[in-house]
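Biologist: I have a model open and want to learn how to read it. Where do we begin?

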Amino acid sequence: MRRIMYISSLSTSLSDDEIRSIGRISSRNNKKIDVTGVLLFAHEFFFQILEGEQAIVESLVEKIRRDPRHRDFLILKCEDGVSMRLFPNWSMRTVRLEESQGMILQAVRLMLETIAESHRIIERYTQPSVLHLLTQGINPLEIPPKAVDRIILFGDMVGFSLLSERFPTEEVTLAVNTYLELCSKRIIEFGGEVSKYIGDCVMAHFPAEAPDAAIEACVKALGDLQHFRAGVAGGRLRKYLFGGFGLTRGQVIEGNIGSTIKMDYTILGEEVNRAQRLESLTRVIHRALAVSRAVRENAEYDWGFECAGEFELKGHSGTCPVYTIADPVVADFRDSSELALMLDAAPDGPLA
Ligand SMILES: Cc1cc2nc3c(=O)[nH]c(=O)nc-3n(C[C@H](O)[C@H](O)[C@H](O)COP(=O)(O)O)c2cc1C
């Protein structure tokens, strides 16, 4: 059997009758499929425990997740191989935790609110894969390292040092955060995983068989940056926000890398270094995207690949071809020295 606990927030205000109706329908439905559990409703969020046969609970959770009456659905814990039910007599007992109820219920409400809040904060600091493992009931610390094939992405903001020399910290921080936000959203949208941020740089990976998705994520992120530069929001640094991406494909080690003080579930290897090297080559080839031969050869879509030259890449003897693509957003690139000229010529001059 499987037991799942989740927490969610109310999306619209619900009357007592509507809450009672959720409880009634749940109880009736769950009885038919031999699911038991409890649903707590506290103020603006729900906490539910569901237990029953694995496949049945799984599909019920998917149905509940899609219910428009709540949002921010977050699985707190998932246990498989459960042999004893915690709530054998409740097909779905619905409990409303009220202000007027005793101090103990107040404390439970506060505790649930705190758990929800902490989870949402941790969610933003943790790699999605780690959270996913945790909610599947798997302890990521116990997963042995493995060799896997991946597409690796490195994306760096152009001219970070230059901008930090010339603009106040708050404005530079806003620019870096905007850059990372735009890139990360596209990486996730196209099926990638953001592994970590290294200063103003994003490191991510995609499944080995998804080079087209990885390229598209870069092209879309570059389009977003272009759009952002042309807009009005985002402060004085808006016009100077450019980025470069490197994409490689190859074998890396995936697993827990770190110490007892800080652990990362991440990828590691020569191929990661090569992705970083390719990203730095964007300054040399003067295009916002540089991809390795392996990425080019495995891409199915016709991206209009162009060979940008032969370069030494660590771990390869001799030189290797580096490719870019014929796309206006990839060609719309500035390196640091061009940014410096733009800044010098700016009518409103930085810090003026
Ligand atoms: C917080 C919350 C918990 C729910 N829990 C259950 C449940 O345990 N079982 C269930 O059948 N429906 C549950 N529902 C309702 C389902 O999302 C869905 O509306 C309902 O199952 C549809 O029932 P019907 O097919 O009989 O019309 C829940 C809804 C919400 C908002």
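The dialogue below goes from the whole chain to single residues.

Modeller: Keep in mind that this is a predicted model. Begin with the overall layout. The protein has 11 helices and 13 strands. Its C-alpha trace spans about 70 × 50 × 40 Å along the principal axes.

Biologist: Into which domains is the protein divided?

Modeller: There are domain 1 (2-125) and domain 2 (142-345). Their C-alpha centres lie 40 Å apart.

Biologist: What share of the residues counts as buried?

Modeller: Of the 352 residues, 33% are buried. Look at contacts as well. Among contacts with a separation of 6 or more, 71% join residues 24 or more positions apart.

Biologist: How many residues surround the ligand, and which are the closest?

Modeller: The shell has 16 residues, and the closest are S26, N29, F46, D67 and R69. Next, ask which elements supply them. Helix 1 (16-33), strand 3 (45-52) and helix 2 (54-65) each give two or more residues. Helix 1 gives the most, with five.

Biologist: What is the make-up of that shell by class?

Modeller: Eight residues are nonpolar, five are polar and three are charged.

Biologist: Now a helix. How far does helix 6 reach from its first C-alpha to its last?

Modeller: Compare the span with the one expected at 1.5 Å a residue. Helix 7 can be checked in the same manner. Its 20 residues should span 28 Å, and its end C-alpha atoms are 29 Å apart, which agrees.

Biologist: Which residues of helix 6 are buried?

Modeller: They are V172, A175, V176, T178, Y179, L182, C183, R186 and I187. Now look down the helix axis. These buried residues fall within an arc of 160 degrees, so they line one face of helix 6. The face turned away from the buried side carries the exposed residues T169, E170, N177 and E181.

Biologist: What covers the buried residues of helix 6?

Modeller: The cover includes strand 6 (146-157), helix 5 (160-166), strand 7 (193-198), strand 8 (201-207), helix 7 (211-230) and strand 9 (243-258). Helix 7 has buried residues of its own, among them P211, A214, C218 and L225.

Biologist: And phi angles? What should I look for?

Modeller: Most residues other than glycine have a negative phi. Look for the exceptions. D34 has a positive phi of about 60 degrees and is not a glycine. D34 sits in the loop between helix 1 and strand 2 (36-42). D72 is also not a glycine, and its phi is positive, about 50 degrees. D72 lies in strand 4 (residues 70-79). A glycine case is G191, which follows helix 6 and has a positive phi near 90 degrees.

Biologist: Why do D34 and D72 count as partly exposed?

Modeller: Count C-beta neighbours. D34 is partly exposed because it has 13 other C-beta atoms within 10 Å. D72 is partly exposed because it has 14.

Biologist: Is E271 buried or exposed?

Modeller: E271 counts as buried, because it has 23 C-beta neighbours inside 10 Å. E271 belongs to helix 8 (residues 270-285).

Biologist: Which residues is E271 in contact with, leaving aside its neighbours within four places in sequence?

Modeller: Its contacts are I152, T248, G250, Q251 and V252. Then look at a separation in space. E271 and R238 are 33 residues apart in sequence and 32 Å apart, C-alpha to C-alpha.

Methods
Residues are numbered from 1 along each chain as its sequence is written. This is a predicted model: local features need pLDDT of at least 70, side-chain atom pairs count only at pLDDT 80 or more; totals for chains, interfaces and linings use all residues. Domain bounds come from an automatic or database domain assignment. A residue is near a molecule or strand if its C-beta atom, placed from the backbone, lies within 6 Å of it. Helices (H or I, at least four residues) and strands (E, at least two) are DSSP runs, numbered from the N terminus. Ala, Val, Leu, Ile, Met, Phe, Trp, Tyr, Cys and Pro count as nonpolar, Asp, Glu, Lys and Arg as charged, and the others, Gly among them, as polar. The expected span of a helix is 1.5 Å times one less than its number of residues. A residue is buried if 20 or more other C-beta atoms lie within 10 Å of its own, exposed if 12 or fewer, and partly exposed in between; C-beta atoms are placed from the backbone. The arc is that of the directions from the helix axis to the C-beta atoms. Two residues are in contact if their C-beta atoms, placed from the backbone, lie within 7 Å.
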